[in-house]
Every structure is written in C-alpha cells, then in structure tokens.
Amino acid sequence: MTTKPALGLLGIMQELYDDMYPDITERQEAYARDICGALADVADVRFPGAARNRNDVEKHVRGFNEQNLDGIIVVNLTYGPGQRLVRAFRENQLPV
C-alpha cells in the first residue's frame, strides 16, 4: 500500500481586494478547498486558509514545516506579490 503525500496548499491573496470584493476571501478559500478535494485521490492536501499578507504566508509555511509535510503547493488565489514568499521560503525545508 502506497501512502499519499501530505502537502500544504499555500493560497496567496492580497488584503486590498477586500474593499472592492467583500466576499472574495471566502469565495477564494472555497476554490482552494475544491482544489484540495480534486487532489484527494493522490495527496492529503492541507489548507489552513488564505494567506493575505506576509505574516500569513510566514505562519502557514512555518506550520507546514512543523507538520513535516512532504511539500507545498503554491496557488495564487488573486494577484499576489511574490516578495511575500521570500522570508518564509528562506527557512522552508520542504519541496515546493
């Protein structure tokens, strides 16, 4: 029996969309959960919620590492600047 890999889904967003689209975070988080469901046959994908700023990104990546997952899937749930990943990924030990 082959064990499915455990992966963290890092869903990147920006807080600035909240004013323009009040329900965007909930809608995009539902989309991310759909991705997790679509991958359920091949991986145990864990999604802690949207990462809407650098602190969220760092917290989620740290959590994935603390759980000793097999890797991280990065999904842009909205346009999200990549510089928010730099600090978190410097200490990341997991495949991306």
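1. Val42 counts as exposed, because its relative accessibility of 53% is over the 50% cut-off. This valine is found in the loop that joins α2 to β2 (44–46). Please bear in mind that the model is a predicted one.

2. Apart from neighbours within four places in sequence, Val42 is in contact with Lys4 and Pro5. Val42 and Val96 are separated by 54 residues in sequence, and their C-alpha atoms lie 17 Å apart.

3. The side chain of Thr25 forms a polar contact with the side chain of Asp18, at 3.4 Å. When neighbours within four places in sequence are set aside, the contacts of Thr25 are Met13, Asp18, Ala50 and Arg52.

4. The largest nonpolar core has 14 residues, and those touching the most other members are Leu9, Phe47 and Leu77. At least two residues of this core come from β1 (6–12), and at least two come from α2 (24–38). Helix α2 makes the greatest contribution to the core, with four residues. In soluble globular proteins, nonpolar side chains tend to be buried together.

5. Which residues surround Phe47, leaving aside its neighbours within four places in sequence? Phe47 is in contact with Leu9 and Leu77, and also with Gly11, Glu29, Ala32, Arg33 and Cys36.

6. As to the overall fold, the protein chain contains four helices and three strands. Read from the N terminus, these elements follow the order β-α-α-β-α-β-α. The radius of gyration is 13 Å, close to the 12 Å that the globule rule gives for 96 residues, so the chain is as compact as a globular protein of that length. Along the principal axes, the C-alpha atoms fill a box of roughly 50 × 30 × 15 Å.

7. Of the 96 residues, 48% count as buried. Among contacts with a separation of 6 or more, 76% are made by residues 24 or more positions apart.

8. The accessible surface of the protein chain amounts to about 5,900 Å². Carbon and sulfur atoms account for 48% of this surface.

Notes: Residues numbered from 1 in each chain as written. Predicted model: local features only at pLDDT ≥ 70, side-chain atom pairs only at ≥ 80, totals over all residues. Heavy atoms only, no water. Core = buried A, V, L, I, M, F, W, Y, C linked by side-chain atoms within 4.5 Å. Buried < 20%, exposed > 50% of the residue type's maximum accessible area, 1.4 Å probe, protein only. Contact = heavy atoms within 4.5 Å. Polar contact = N/O pair within 3.5 Å; in protein donor to acceptor, adjacent residues only side chain to side chain. Rg over C-alpha atoms; globule rule 2.2 N^0.38 Å. Areas by Shrake-Rupley, 256 points an atom, 1.4 Å probe, with all protein chains shown as cover.
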